[in-house]
Amino acid sequence: MGAHRSRRLAALLVLLLSVSACASIPESSEPKAVKEVDGSNATIPINPPPDDIDPLALVRSFVDKAASPTSNHESARKHLAPSIERNWTPPPGMLIVENVDTIPAVQPQPLPEGVQMVTLRADRVGRLLADSSFVPETGEFTVDVRVERQGNGQWRITTPPPGLVVSKTSFSSNFRPVPVYFLDHDLSGVAPDLRYVVAQPVATVPRRVIELLTSGPSEGMREAMRTAIPPGVHPKTNASEAADGAMEVNLSDLGEVSDGTRRLIAAQVVYTLEGVSSARVRIREEGVTLLTEGKDLRPIDMEKYETDNLQRPDLPGLAVVDERVLVLDRHARPIPGPAGSGEYDVVRAGRSPHGDKLAAVTRRPAGVALRVGDFGEQLAETPTVGSYMSKPTWRGEEEAWTVVDGRDVVRVVDTGAQWTPQPVDTRALPPGRPITDLRLSRDGTRIAAVIDGNVVVAGVAEQNGRAVLQRPVVLRAPQDARVTSVEWRQDQSLVAITDSNNFPVFDLSVDGFRWEPYTAANLGQPLTAVTVGPGGQVVVADRHGIWQAQDTDDVWSITDAPIGGASIPFYPG
């Protein structure tokens, strides 16, 4: 099974029946409770704010309720004055905040009786864009909100913030992250684009994710990912569960497309729905079966479109120790060839995903040089030289990337006769700051870099034969920790090591919405390296040795390898 499949065994089952209810918004008199659907046969009321709520608490409650989209944000509307409620139309997207506080706003002149100005203060977390992708933001958010006492004695908001401002807690309760699958860098497999959809009613989630799929990649990944679905194709009917339990997806006319393209479309649909449903998938085009064999599909039927982007469990980890490359096991034997024998003074190294190639940063009289070649054989020295190079990272079997002197990103490409260096266009990255680490995602569509102590994620686009990094997003670590190295853990998550004694290792989502610290037990600063083995096993090195943990709450345990501190472990990729 695929690696990400094992993490979703607890995915929500799609319910067979949902009940919707309608409610009218009263223009006068006391607000009345209306009903919202919770995805089952039960209904729950949408109540107005408590009687006699004060203006400060009213504004805080408004921020807490604004994430719920039910009945056109009915929960939030009930905090507004009737005259404002009728015309309030929040724009798409929302600002997500935390540490929400409200204080009386300082006014130069006295306000009329029954009017108060409230200053809303919060810390920015990020923004949910109109395409349902998340982009982090930092800094304080401040806005003044006007609150007036109504004829019934209750306080209500008359000047809400210009857009939806929602608390992180409320957002997490109302939305769920879902990977929507597009095509990887060489158009041979699938790659996830993380989006956020309304979690209730559960039965509508498949429809929401299929709509996102047919709309194409998110704004930030539009040039790094492609889709097999032709422009203008859309769902003819809502994705829903049929009477026999299959999830049915009926697309509009695809036009003249090859059988190979149809199978890529099927892979995109099946893997996208895997995150929200355990049902087999029945894909149709204008009511006719999409594939000639006509059978319902499961992820195992599409496995070949995922395999190349998964780690191979049969390839062991390696480590650079005393300028040689050793196998990361209880024997710690040198690998075959000059990289293991000590003929090269290896500083850092990276093995290709399938294990056939090795890239090594080796010492030379005037600094370091990049060598690349077949694993276990002589490695050709390339013209890529400098004073410092980051640990090599691979894009398939044909490209190895490194950062030279913290400034220039270079990829060396296998042209058949030799490995040829090519500069990578990094003009979109934060200027004037050193790049101390860089790792390619296994699907080749993104890089994660460490720049000025922060994680930076960017898309990788190809333009006229040149790699271009686009739309970088800075992911700042919590607790004022400075990131020192980063690695891809799974297709939608990263692991980062920091200089913090209390929070030395974090697991984070690729968009930075989630940062979860690992325990600090047994680790000692400085941490020198991080890598990830098959199944998401995280391996870090400190001054004492090499440690491993599977989950964030695991206590770090020493590996079996008899390798001391100051080593640099790495797995293929």
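Phe-171 is buried in this predicted model, with a relative accessible area of 1%, where buried means under 20% relative accessible area, exposed means over 50% and partly exposed covers the range in between, for a 1.4 Å probe and protein chains only. Phe-175 likewise counts as buried, at 10% relative accessibility. The two residues form an aromatic pair that is stacked, with 4.8 Å from centre to centre and 15° between the planes; rings of Phe, Tyr and Trp (its six-membered ring) are taken to pair if their centres lie within 6.5 Å, and planes under 30 degrees apart count as stacked, over 60 as edge-to-face and the rest as tilted. By this rule the count comes to twelve aromatic pairs, and ring pairs link Phe-171 and Phe-175 with Phe-134, Tyr-196 and Phe-513 into a cluster.

Because the model is predicted, local features are reported only at pLDDT of at least 70 and side-chain atom pairs only at pLDDT 80 or more, whereas totals for chains, interfaces and linings use all residues. Residues are numbered from 1 along each chain as its sequence is written, and side-chain values use heavy atoms, with hydrogens and water left out.

The protein chain contains nine helices and 37 strands, helices (H or I, at least four residues) and strands (E, at least two) being DSSP runs numbered from the N terminus. Its radius of gyration is 27 Å, close to the 25 Å that the globule rule gives for 573 residues, so the chain is as compact as a globular protein of that length; the radius is taken over C-alpha atoms, and the rule is 2.2 Å times the number of residues to the power 0.38. Along the principal axes, the C-alpha atoms fill a box of roughly 85 × 65 × 45 Å. Buried residues account for 54% of the 573 residues. Of the contacts between residues at least 6 apart in sequence, 55% join residues at least 24 apart, a contact meaning heavy atoms within 4.5 Å. The chain exposes about 24,700 Å², of which carbon and sulfur atoms supply 48%, as computed by the Shrake-Rupley method with a 1.4 Å probe; for residues, only the protein chains shown count as cover. The mean positions of the 58 positive and 73 negative charges are 1 Å apart. In that count Lys and Arg are positive and Asp and Glu negative, while His and the chain ends are not counted, and each charge is placed at NZ of Lys, CZ of Arg, CG of Asp or CD of Glu.

Within α6, the buried residues are Val-205, Pro-206, Val-209, Ile-210, Leu-212, Leu-213 and Thr-214. An α-helix has 3.6 residues a turn, so residues three or four places apart point the same way. The elements that cover the buried residues of α6 include β9, β10, β12 (247-251) and α7 (259-274). Gly-216, which follows α6, has a positive phi near 95°.

Leu-187, in the loop between β9 (175-183) and β10, has a phi of about 65° and is partly exposed, with a relative accessible area of 44%. Glu-286, in the loop between β13 (281-285) and β14 (288-289), has a phi near 50° and is partly exposed at 39%.

Two strand residues were also examined. Val-135, in strand β5 (residues 134-136), is partly exposed, with a relative accessible area of 28%. Leaving aside residues up to four places away in sequence, Val-135 touches Gly-126, Arg-127, Leu-129 and Val-473, and its C-alpha lies 8.7 Å from that of Val-125, ten residues apart in sequence. Trp-394, in strand β21 (residues 393-395), is buried, with a relative accessible area of 2%. Trp-394 and Phe-506 are 112 residues apart in sequence and 23 Å apart in space, C-alpha to C-alpha.
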